[in-house]
Amino acid sequence: MKNKSTKNNLYTKSHCKLLLIVSVIIMSVGFSAFRVSSFSNPPENKLKNNSLHVELKIDSIISAMTIEEKINMLYGNGMFTSAGLERLGIPELHYTDGPFGIREELGKNSWNPLGLTTDSATFFPTGSALAATWNTDLAYAFGTGIGEEAKTRGKDILLGPAVNITRTPLNGRTFEYFSEDPLLNSKLTVGYIKGVQNAGVAACVKHFAANNQETNRGSVNVKMDERTLREIYLPAFKAAVEEAHVYTVMSAYNKFQGAYCAENDYLLNKILRNEWNFQGFVMSDWGGTHSTVNSALYGLDVEMGTRQYFSKPLLDAVKKGEVPVWVIDEKIRRILRVNFFANSTPTPPANSTVSTPEHGKIVYDIALQSIVLLKNNANILPINISKTKKIAVIGDNATHKHAFGGFGAGVKARYEITPLQGLQSRLGNKATINFVQGYKPKFLPAKKGVFGKQIDYQPDADLIKEAVAAARKADVAIIFAGTNHDVETEATDRTTLALPFGQDELIKAVSAVNKNTIVVVVAAAPVDLNTTNKSVSAILWSWYNGSEGGNALADILIGNANPSGKLPLTIPVSLDDSPAHALKTFPGDSVANYTEGILVGYRWFDTKNIKPLFCFGHGLSYTNYSYSEIQTNKPSFNQADEIEISLKVKNTGNKDGFETVQLYVSDMAPKVLKAAKELKAFKKVFVAAGKEVEVNMKIKVSDLAFFDEKLSKWVVTPGSYKLMAGASSQDIRVSSIINVE
Ligand code: BGC
């Protein structure tokens, strides 16, 4: 585990003063329109998530507290704790990362692990893996499992889910995030949070908002038009608050429209609280607080990672009248809501083993449903074991574990089945497996002033030679390629999509001597698959797939299970095809200007007619599905209506399977810029071999709206809309046209 304090100091100390001055100037001149709060009156208490009984109890506690006691609860009194108030029986709050497993126990005030032997946990598949299941029930199961583990370890707040949109495939945290699509993102977010909170632990949706790159994340000022913000970057956060009633929100490191997200009146007060009626509390990202008065007034409740601004300086500011007492009282009220909900225990049982067989089953199911069959030209997959005696297993990712590595939160996994172990246990003595290394993760000497490991892209001729020899002798060669956590990591973005460590050369050489070569890409963000695609007929995509990843992968490889994952991200032919790179707005310098607007991910590719290598929503199966008879409940709709869509899906092959039916909508005569198509609904259905099922979906006419900046509201333009159901964003099978009055 890395020591994170260096990084946080990097952002808080050296840049802080200058940036604060600049941001205050920018805010006062350029973005005065975003300053909306009035501090003369406390806001109305809408009691949405809480009973009157709790609110009355909170009132009486607040009235019994001194101002010193209140301030004491507003910052982290440890790396992952914030104070309660013993005198009044309020226990301290315990936080844990999240989002893909309960972090091992650290020293109270340090990033150093305590080195316990009993704080291991289940490694849950990371964000993009969960997203590839397109299964909201599994998102809920994920939340329940991780929530139960947090509870058992005495944690009150789980720092997840992480739901920022994948704007660039290079983003180092793509593995933690879900998708490039706001609807898929929102649905998974809701499932995850409901699961966590159902286990009695407060979820923390993060990082609010527009934290879409790691480069300069502690200082970059993100700019975009309001329509883009509302349509692309906010929906998952909105759903977290309005549908899942999330208890806490983490503000992002970056600035948005000139103000740090931890002191962003527009994001925190106007949108989150006033519009969405958020009742819980906002914490800063670790080391992401930059001021006292602005942060206090413009929406931050708890400073985490530092104790610099909400400790004595805040007390002084209250005493000087710069921050009204009622503003502090509101913060305490929000914290106490979380405290009562989580029913925090004074002495957390840090030493308990939390990972259970039930949670293992959840991670197996998620891993299984996340694996994407990208290509299977000669039906090489599944491997026919009755005809396969010798398998060459090649590549570091056959044995690499992904729970740890890189920078940021990891999981001390109770166990992690690697692909090689999965194959060995599933095959027993049915075939001989010969493992050879193929490539090794290699890094160049550190570069001065550059954070993170410097990846070596050069092939290793000796390892390739050994792999070729093994492949020659084998009936089937499987190359486990891809990335790992040192390549995809928090705090840095990749600089290229290229497969690291010379893997293209390995894939070319091995596939040249064995036509039954399968490439399994183990990665959690897009990589360059051009060479792979040219070299082999079968490509499977696995992810950082958790404790049971290897078992699930083996079951797919040998046909015990049928793949059903679909890409939650576009895999481009070239990085320059992606919007932020085509427009050269990534990473920006002090400003990241999202000039591609709403055309993020497949919205860009479709609208600009750029063919990706593998499109959003793509994923094959060992069977085939035919789509027919799409219908709507009527041809014409009012603005307040719901549209009921039905269609038939038939499994025309001889293997049972799950198909994710994706419903895209296109405005046939747009009056403003619209994406060629937008995902509006999806449903994952089980279809037994030879059987046909009816798939029913509902969307509201209001779901067809765009955000009209001039009117500052959502507007559905009357006219014709095409509803398109398909197996991916580029594989539309049936469509129907409706009219909106
Ligand atoms: C990350 C957060 C994380 C926090 C605490 C930060 O660097 O951005 O996602 O929860 O550290 O580990």
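**Cis bonds**

I looked up Pro382 and found it in the loop between strand E11 (372–376) and strand E12 (390–394), where a strand is a DSSP run of E of at least two residues, a helix is a run of H or I of at least four, and both are numbered from the N terminus. The peptide bond that leads from Leu381 to Pro382 is cis, and its omega is near -5°. A cis bond also joins Asp97 to Gly98, with omega near 10°, and Gly98 sits in the loop between strand E3 (93–96) and helix H5 (127–133).

I note that this is a predicted model, in which local features need pLDDT of at least 70 and side-chain atom pairs count only at pLDDT 80 or more, while totals for chains, interfaces and linings use all residues. Residues are numbered from 1 along each chain as its sequence is written, and side-chain values use heavy atoms, with hydrogens and water left out.

**Positive phi**

I then turned to Gln257, which is not a glycine and yet has a positive phi of about 50°. Gln257 lies in the loop between strand E8 (255–256) and strand E9 (259–260), and with a relative accessible area of 10% I record Gln257 as buried (buried means under 20% relative accessible area, exposed over 50%, and partly exposed in between, with a 1.4 Å probe and protein chains only). Ser712 likewise has a positive phi, near 55°, and its place is the loop between strand E26 (706–708) and strand E27 (713–715). Ser712 is partly exposed, at a relative accessible area of 45%.

**Ile62**

Helix H3 (residues 52–64) contains Ile62, which I found to be buried at a relative accessible area of 8%. Leaving aside residues up to four places away in sequence, Ile62 touches Lys70, Asp329, Ile332, Arg333 and Leu336, a contact being heavy atoms within 4.5 Å. I also checked Ile328, which is 266 residues from Ile62 in sequence, with 9.9 Å between their C-alpha atoms.

**Ligand site**

I counted 16 residues around the ligand, of which Asp97, Arg173, His207, Asp285 and Glu490 come nearest; a residue is near if one of its heavy atoms lies within 4 Å. This shell divides into nine charged, six nonpolar and one polar residue. The ligand taken alone exposes 310 Å², and the protein buries 99% of that (areas by the Shrake-Rupley method with a 1.4 Å probe).

**Whole protein**

My last entry covers the fold, which comes to 21 helices and 29 strands. The radius of gyration is 26 Å, close to the 27 Å that the globule rule gives for 741 residues, so the protein is as compact as a globular protein of that length; the radius is taken over C-alpha atoms, and the rule is 2.2 Å times the number of residues to the power 0.38. Along the principal axes, the C-alpha atoms fill a box of roughly 80 × 65 × 45 Å. Of the 741 residues, 64% are buried, and among contacts with a separation of 6 or more, 78% come from residues 24 or more positions apart. I put the accessible surface at about 26000 Å², of which 52% belongs to carbon and sulfur atoms.

Notes
Ala, Val, Leu, Ile, Met, Phe, Trp, Tyr, Cys and Pro count as nonpolar, Asp, Glu, Lys and Arg as charged, and the others, Gly among them, as polar.
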